[in-house]
Amino acid sequence: MAFMFRNQANPWWQALWQIPAVICLAAAIGLAANQWRPDPLALPGDWSAGTRLGDAAGAGLAISLEEARRLYADGAAVFLDARPATQYAQGHIRGALGLPWQEVDRYFVDVAEKLDPTKPVITYCDGAACELSRDLALFLREMGFADTRVLVNGWSVWREAELPVEKSAD
Amino acid sequence: MNAEPVHKDAGPRGPGPGDPLGTAPLLRRVPPLLQHGARWFLGGVFLYASYDKILHPQAFAQAIFNYQILPDAAVNLTALVLPWLESLLGLCLLVGFWLPGATALSTLMLTVFLGALAFNQWRGLDVYCGCFSTQGPAGTADLGTLARDIGFLLLSAVVTAAAFSRRGTGPPPVRASRGSADKPG
């Protein structure tokens, strides 16, 4: 092993200083470039759920499970599943319509016909960090469904609360 | 079996001073032009991958956050530094600068990316890849993404092995691997 440290032309030795050097250089450029941007990223950023779920105007999108459950019981809201169609088929909130955000162009017209613009719409996906429901909700608000809310981590919390679910009939 | 000229410093019996990874016998079967081609290709891939992320740090930060692997506090820092790291790495690979470090780092990063992708596939998290584009639904991570990363990783392994077996370290032309550059320093 001694040869490794005796010989500076040794590739291991070179890698040993080149890797940190290139990382430091990237960090310096990246941080400097951020300062020059008109909209620099904050360091560290705020990734809490409350902040992430605000729309551009700062209005909250999130709906609590309690409120969602009440609207569900009254049949007062339409639930939209923003996950991919395969996951919707494997199980979803009973009565929810599938509107996969990733294929929203394909499904939107069909689903929109079944929506009542005066009724609240509740979107959900799975995982606290899942953005599909939020993106879908912002899109629906733009499309005129003003009362669109997000049930954060909806699929998981709905099942944990043992509320009604169903699978798609094939 | 061995039709190529014998390399004095790259013995067939495992690692040695000129061939710390012991891959020279294997590398001899990969034509030098292919080795350089792989390096240029990989450099291009890294450069291309960095471009959109440098332009849209906010969207890239979102992609990193969605992976749900890094602590929240590290998300923005990574979103700012990683694209530049990729572009510097791409440049190094393209022009043949700092090759031992660049190739080792490339292999390391591709391994980490592969791990992150595989981890989220395994736990069923549906995330945007954020690999080449920070925009929208086009880039959902799936098994194809995994396969692509494995391909890049294999290329990177070849390029790394070439850089670490002494004869491949410079930016030098294809012919350098066949003669005088082989003398041990």
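Colleague: Is Asp39(A) buried, partly exposed or exposed?
Modeller: Asp39(A) is partly exposed, at 47% relative accessibility. The cut-offs are under 20% relative accessible area for buried, over 50% for exposed and in between for partly exposed (1.4 Å probe, protein chains only).

Colleague: What are we working from here?
Modeller: It's a predicted model, where local features need pLDDT of at least 70 and side-chain atom pairs count only at pLDDT 80 or more, while totals for chains, interfaces and linings use all residues. Side-chain values use heavy atoms, without hydrogens and water, residues are numbered from 1 along each chain as its sequence is written, and chains are lettered from A and ligands numbered from 1 in the order in which they are written.

Colleague: OK, which residue does Asp39(A) meet in a salt bridge?
Modeller: Arg37(A), at 3.6 Å, N to O. A salt bridge here is a side-chain nitrogen of Lys or Arg within 4 Å of a carboxyl oxygen of Asp or Glu. Arg37(A) is partly exposed too, with a relative accessible area of 23%.

Colleague: How many salt bridges over all chains?
Modeller: 7.

Colleague: What about Arg149(A), which residue does that one pair with?
Modeller: Glu67(A), with the closest N and O atoms 3.9 Å apart. That pair links distant parts of the chain, 82 residues apart: Arg149(A) lies in strand β5 (residues 148–151) and Glu67(A) in helix α4 (residues 65–73). Both element types are DSSP runs numbered from the N terminus: helices are H or I, at least four residues, and strands E, at least two.
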